[in-house]
Amino acid sequence: MENSTDDYKIQSFDLETQTLLKTALKDPSSVNLEKVSNVIVEQSLKDCVFSKEAGRICYTIVQAEAKQSSGNVFRRLLLNRLQQEFKVREETRTRSLQEWVCYVTFICNIFDYLKVNDMPMVALVQPVYDCLTRLARPDALTNEEEVDCLVLQLHRIGEQLEKMNIQRMDELFFLLRDGFLLQEGLASMTRLLLLEILEFRAGGWMLNSTAHKYYYSELAE
Amino acid sequence: MSHKNKMKRSEARVGEEECRSSGPSRWSHSRKRGVDGSLRNNSDEDGDDWCRHASFTTPESSGPVSRCSRPTDWGSQVEDEEMRRDMHKDMQRYRRRILGPEVTQRERRASSGSSGSCDSREGENMETDESVLLRRQKQISYGKNTLAYDRYIKEVPKHLRQPGIHPKTPNKFRKYSRRSWDQQVKLWKVKLHAWDPPSLSSQKTTPNSNSSQELDPCEELDFGDVMDIELDFPTLSHSEHPPTAHWVHASSVTDQDYLGTPVKVQRTESPGGPDMV
């Protein structure tokens with residue numbers, strides 16, 4: 001099971017990097033963990049498919065390191081690198097929407113996978129909210145990429161986030177309702193996605209079967 | 001627009017430098033890992049890249065809150081969070097243990113036998129202040145994050161450790177005065193120094209003693225003296241005010257003469273052992 005590196009979606013790396021990552025998964029103390037964290041973050045910013053699942057490989061490395069030397073060097077490096085990127089997020093967004101969306105996907109995925117004593121990391125709660133709130137602002141709602149990302153993240157981690165800070169989730173949803181109701185010129189797909197996420201949260205972070213049918217039946221057929 | 005970010009970054013840099021100016025402590029040379037987490041190799045033992053973890057309180061500092069108590073980097077924040085949660089788990093475990101009927105009895109007997117100062121119920125004697133416990137835990141982690149500690153726990157298995165002879169980690173859950181606690185930590189770390197890696201110390205102090213590991217240290221030591229000192233050390237967990245004069249003496253002995261050789265272990269195994277009473 002642990003050998004199925006396909007799980008970690010690292011085929012897109014060059015061979016040398018693949019070897020580095022494979023070693024990091026098994027024997028983290030023998031590799032340069034700073035390099036590993038940089039490789040993972042940089043790939044996540046380029047490749048949205050990777051950023052959706054990068055939390056898994058990070059989780060495995062963190063576990064391996066904790067087991068091997070009860071260290072958390074990799075986690076520290078990863079989080080601090082993530083923080084650096086967070087500080088320049090607005091620049092990133094201006095430069096490349098795709099990179100920005102990848103970043104949000106990545107940080108949310110890390111939030112989802114890495115836990116401290118089975119609880120989400122408090123340090124990431126505000127930053128994740130900051131990112132999602134940015135995606136809910138009017139200028140971002142006109143970008144389908146950003147809306148897609150926003151609702152996907154809320155589907156995945158909305159419930160956990162809300163438990164950590166309900167007030168910020170409320171504020172975020174005020175923005176979403178406003179966008180859905182008041183913002184002119186939104187694509188109908190965007191309105192659909194917004195409506196769905198509004199219902200999703202209203203139903204206790206799930207859709208009842210009728211709602212599910214409404215939103216997804218077309219896809220199934 | 002990019003000015004804002006540059007500003008932020010340079011502010012962060014200033015914070016780092018403040019830390020750095022405190023310089024490497026004398027413990028840093030045997031530290032396993034630097035603050036960036038990378039393994040230290042021997043070449044950078046001078047600690048030019050050394051910067052104390054922002055959340056570490058200096059063991060000697062007097063205030064309960066250090067200047068940079070709230071770390072701003074996510075890595076440290078998460079570590080603090082983890083430490084806090086571990087602490088609460090630890091505390092529950094400890095409470096269960098000391099309040100368990102058998103254990104309480106045993107502890108009560110033990111403590112009344114020695115100093116008599118701890119004969120009240122353990123439950124009431126327990127330190128529960130989170131900030132105190134976290135500070136203490138950091139001091140302990142600091143001491144444990146050394147090559148000497150690794151060597152010690154490897155060389156002396158738990159059941160062979162003798163109170164008063166071998167270093168014993170101070171019990172962070174007991175109520176102690178700030179001064180007493182700090183002194184216990186200090187003594188503990190001085191004792192741990194006996195297990196410093198030999199190569200480091202021989203390079204620095206005695207260049208010719210590469211073979212010091214093979215040499216029987218008994219030949220160079222005045223045994224009786226050291227033993228007296230060792231035995232005069234009160235059991236750490238009970239001592240309110242360890243005798244300072246002895247400590248000074250012992251530390252100078254340990255630092256200059258025996259540094260790097262785990263003399264204490266060898267001594268307990270030495271055939272003569274006339275002073276072992």
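Guide: Rings of Phe, Tyr and Trp (its six-membered ring) pair if their centres lie within 6.5 Å; planes under 30 degrees apart count as stacked, over 60 as edge-to-face and the rest as tilted. Here, Tyr149(B), Tyr152(B), Trp188(B) and Trp195(B) form one aromatic cluster. This is a predicted model, where local features need pLDDT of at least 70, side-chain atom pairs count only at pLDDT 80 or more, and totals for chains, interfaces and linings use all residues. Residues are numbered from 1 along each chain as its sequence is written, chains are lettered from A and ligands numbered from 1 in the order in which they are written, and side-chain values use heavy atoms, leaving out hydrogens and water.

Visitor: Is Tyr94(B) buried or exposed?

Guide: Buried means under 20% relative accessible area, exposed over 50%, partly exposed in between (1.4 Å probe, protein chains only). Tyr94(B) is buried at 7%, and Phe173(B) is buried at 6%.

Visitor: Where does Arg89(A) lie?

Guide: A charge sits over a ring if NZ of Lys or CZ of Arg is within 6 Å of the ring centre and within 35 degrees of the ring normal. Arg89(A) lies over the face of Phe86(A), 3.9 Å from the ring centre.
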